[in-house]
Amino acid sequence: MNDMTLLERGVQTDDIKISARNVEVFYGDTHAIKNVNVEIQDKTVTAFIGPSGCGKSTFLRCINRMNDTIDICRVKGDILLDGEDIYDPKVDPVQLRAKVGMVFQKPNPFPKSIYDNVAYGPKIHGLARNKAELDEIVERALRRGAIWDEVKDRLHSPGTGLSGGQQQRLCIARAVATEPEVLLMDEPCSALDPIATAQVEELIDELRQDYSVVIVTHSMQQAARVSQKTAFFHLGTLVEYGATDRIFTSPEDPRTESYITGRIG
Amino acid sequence: MPVSWIMIILFALAVLGYVLGRRRALASAGGDMRNLHSLPSYYGSHVALFAVAPAVALLAIWLVVQPMVISSSVARSFPDGAISEGSSLSLVMSDVKRVADGLNVAVERGALSAEEAGSVSAGATNIRERLGSVGVALGSDVDSSVLDAAQKYRAYASTGHLIMTLAVLGLALTGFIYGMAQMRAEFRARNIVEHAVKALLVFAASIAVLTTVGIIFSLIFNTIEFFKLYPARDFFFGLTWAPSFGGGSELGMLPLLWGTLYISLIALAVAVPIGLFAAIYLSEYASPKMRAIAKPLLEVLAGIPTIVYGLFALLTVGPLLVSIFGREGLNWMQAGTAVMTAGLVMGVMLIPFVSSLSDDIINAVPQTMRDGSLGLGATHSETVRQVVLPAALPGIVGAILLAASRAIGETMIVVLGAGAAARLSLNPFDAMTTVTAKIVSQLTGDADFASPEALVAFALGMTLFVITLGLNIIALFIVRKYREQYE
Ligand SMILES: Nc1ncnc2c1ncn2[C@@H]1O[C@H](COP(=O)(O)OP(=O)(O)OP(=O)(O)O)[C@@H](O)[C@H]1O
Ligand SMILES: [Mg+2]
């Protein structure tokens, strides 16, 4: 496996967006992530797959330092974004999170109107010079979140009044509105119907033009459909990482094979 | 037989009933518990219940009703002419009762023999002196019609008491026998005991509710009484508060209401920002260790009796303010007691109310909400301001209104800190007084309870009650409105 990563690195040095080296994560005494090395490319969709509790969300949260908000969580090793260590004391996590956006496993709209939910990030980062520009940003984000048609007539009703799937798409729109460079998505489609799922997958594909997207998913089909790279996690370790086609057609590790054929997990 | 003896007998009967009922039920099942419908203790409880509950109920009702019946029958037999000018039947009846009680005490102490007490006449003995010698003080000489009535009262009371004792004990015994008669194995004792438990709980709940209703009614009746003696318009819109116990007082409520609102406003202006910021610090920024120390410390403030705050206002804050704003300094303040003094100290008292409730509410905002905001690159304080606080707002408003009701109802701090002058003024360094403080002073004076000067206390109390009720309703309304919007 290490050989393979080295090989990949050699080929694609130029457009590595995120590179993680010897990352270890502890929740108190629980060792949740064990020595993970991975290089995530720019303008690519990378899928994290693996059985429940294997640490996918934990690793994802390391990439934008959301683990800082958990008191008992400790992160070791280096994670580089564009060659800069994001755990360097000089780095401002607030700025980092503006660059590395996140969509959470559970939809978490703010207790504000739909409009204000989406406008929240742009307002904080001063992305719009006036109201008209803000309106434009909000509309574009909602369209990209595949929810514009459903909410365009009630932009000023509360975001918490939407259905679970609509809330999740609102959260995607909210994350997209701040124009991050990397978008981390933790099971973004787990509450969505097939139509909305297809729309979100389309969005992910579109985002790939400009951003690097990391998506956690429990659906093999989804991973196969949207991603170019796939990483398989098992019990806190990164078992196998490579081109999606190859992982799904000729996995090298027996654990990967049994997982994607449905024997563990 | 005194009531306490009756109670002891009833208690003994209950214990006996429990033991015997249990034994009898077991015996009827051939000594095997499994053949009983319910557990043996239920059978025991059933007998105890039937022996005691009806008897106690009868006793309670009797004790309430008997004095009423007796007074009305004594009053009816009272000669019309015996009521002197300027007096009333109810006043005379309270004299009668006082004399009757006096005679009872005298008999107890041995100053009068039982027959003597029943037969003395006003002309033969000086009742007032003889009662005075055993420590029963009467206001004026006892006239013969009152003494007669008092003797009649005593006679009725002792007969009534005898009948009551017999009736209660008889009922207890009947219940006991009835309960025992039912002790068969197939009897469903558990169901009956369950009903009794439920009845007890309903009884407790209704006492709480009835007491509230009773308090409101007593307020309403006395308030109506007051408005018969004093025009409502002058009360609600009068600008002067000048009670004089000789009559001819001006009882305008506005200066008091103004004092109450002014002091509460200052108190809230102190308590709301400090309490809220403290709550935000504790719930959002403080480390768990810091929180574990600071929160209980803050809550100690809530445990300090308000009279201690009052002393603090009088002895520390007042003089301190005078030294800054008094004649030596800016010359705005005449004396230590002022709206500002009471308001500041009351504000300190309210801090833990606001902070403790707000802290709980802020903590209840789900972490995912904060994560969402932080994940978009918002800073900690932006997250608190724009996401956490709006989510917690309904609860915080509720906490603030609760603090406002406390402020409006607060008395001790005002009495000691704000002075006693009822005044309509904008200067926060003037002495003023509040509705609550004046309720105390109107009722603790020598005033006759039927005079407007005393009855005004009830009208003031009613006003306060309506205001706090209004605040609570608004709080409920706000909370409900926001809940609809955010959940
Ligand atoms: N806040 C936390 N405190 C303590 N332990 C945690 C915490 N979050 C996660 N863990 C532990 O870390 C391990 C990895 O959890 P993680 O949430 O990353 O799993 P996951 O792969 O995302 O699972 P799922 O697919 O079910 O979302 C689990 O054993 C979990 O119990
Ligand atoms: Mg997860």
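Colleague: Is A404(B) buried or exposed?

Modeller: A404(B) is buried, with a relative accessible area of 7%. Buried here means under 20% relative accessible area, exposed means over 50%, and partly exposed is in between (1.4 Å probe, protein chains only). Keep in mind that this is a predicted model: local features need pLDDT of at least 70, side-chain atom pairs count only at pLDDT 80 or more, and totals for chains, interfaces and linings use all residues. Residues are numbered from 1 along each chain as its sequence is written, chains are lettered from A and ligands numbered from 1 in the order in which they are written, and side-chain values use heavy atoms, with hydrogens and water left out.

Colleague: Where is A404(B), and what does A404(B) touch?

Modeller: A404(B) sits in helix α14 of chain B. Helices (H or I, at least four residues) and strands (E, at least two) are DSSP runs, numbered from the N terminus. Not counting residues up to four places away in sequence, A404(B) touches L268(B) and L471(B); contact means heavy atoms within 4.5 Å.

Colleague: What about I439(B), buried or exposed?

Modeller: Buried, at 18% relative accessibility. I439(B) is in helix α16 (residues 435–444) of chain B. Apart from neighbours within four places in sequence, I439(B) is in contact with A457(B), L460(B) and G461(B). For G461(B), 22 residues apart from I439(B) along the chain, the C-alpha separation is 7.2 Å.

Colleague: Now F477(B), buried or exposed?

Modeller: F477(B) is exposed, with a relative accessible area of 57%. You'll find F477(B) in helix α17 (residues 452–486) of chain B. The C-alpha atoms of F477(B) and P394(B) are separated by 9.7 Å, and these residues are 83 apart along the chain.

Colleague: Switching topic: which residues are the protein donors of the magnesium ion?

Modeller: S57(A), through OG, and Q105(A), through OE1, lying 1.9 to 2.5 Å from the magnesium ion (ligand 2). S57(A) is in helix α2 (residues 56–63) of chain A and Q105(A) is in the loop between β6 (100–103) and α4 (114–124) of chain A, so the pair ties together parts that are 48 residues apart in sequence. Donors are N, O and S atoms within 2.8 Å of the metal (3.2 Å for Na, K and Ca), and water is not among the atoms, so sites may look incomplete.

Colleague: How accessible are S57(A) and Q105(A)?

Modeller: S57(A) is partly exposed, with a relative accessible area of 22%. Q105(A) is partly exposed too, at 37% relative accessibility.

Colleague: How do chains A and B meet?

Modeller: 24 residues of chain A are in contact with 22 residues of chain B. About 1,800 Å² is buried between chain A and chain B, and carbon and sulfur atoms give 62% of that. In chain A, P111(A), Y120(A) and I124(A) lose the most area to chain B, together 30% of what that side buries. Buried area is the accessible area (1.4 Å probe) that two parts lose on being put together, summed over both.

Colleague: What lines the largest pocket?

Modeller: 22 residues line the largest pocket, and T69(A), D71(A), E284(B), Q367(B) and H380(B) lie nearest its centre. α9(B) gives the most to the lining, with 4 residues. A pocket, on a 1 Å grid over the protein atoms alone, is an open set of points where a 1.4 Å probe fits, with protein on both sides within 12 Å along at least five of seven lines; lining residues have an atom within 4 Å of a point.

Colleague: Last one: what is phi of L235(A)?

Modeller: Near 50°, a positive value in a residue other than glycine. L235(A) is in the loop between β9 (229–234) and β10 (237–243) of chain A, and at 59% relative accessibility L235(A) is exposed.
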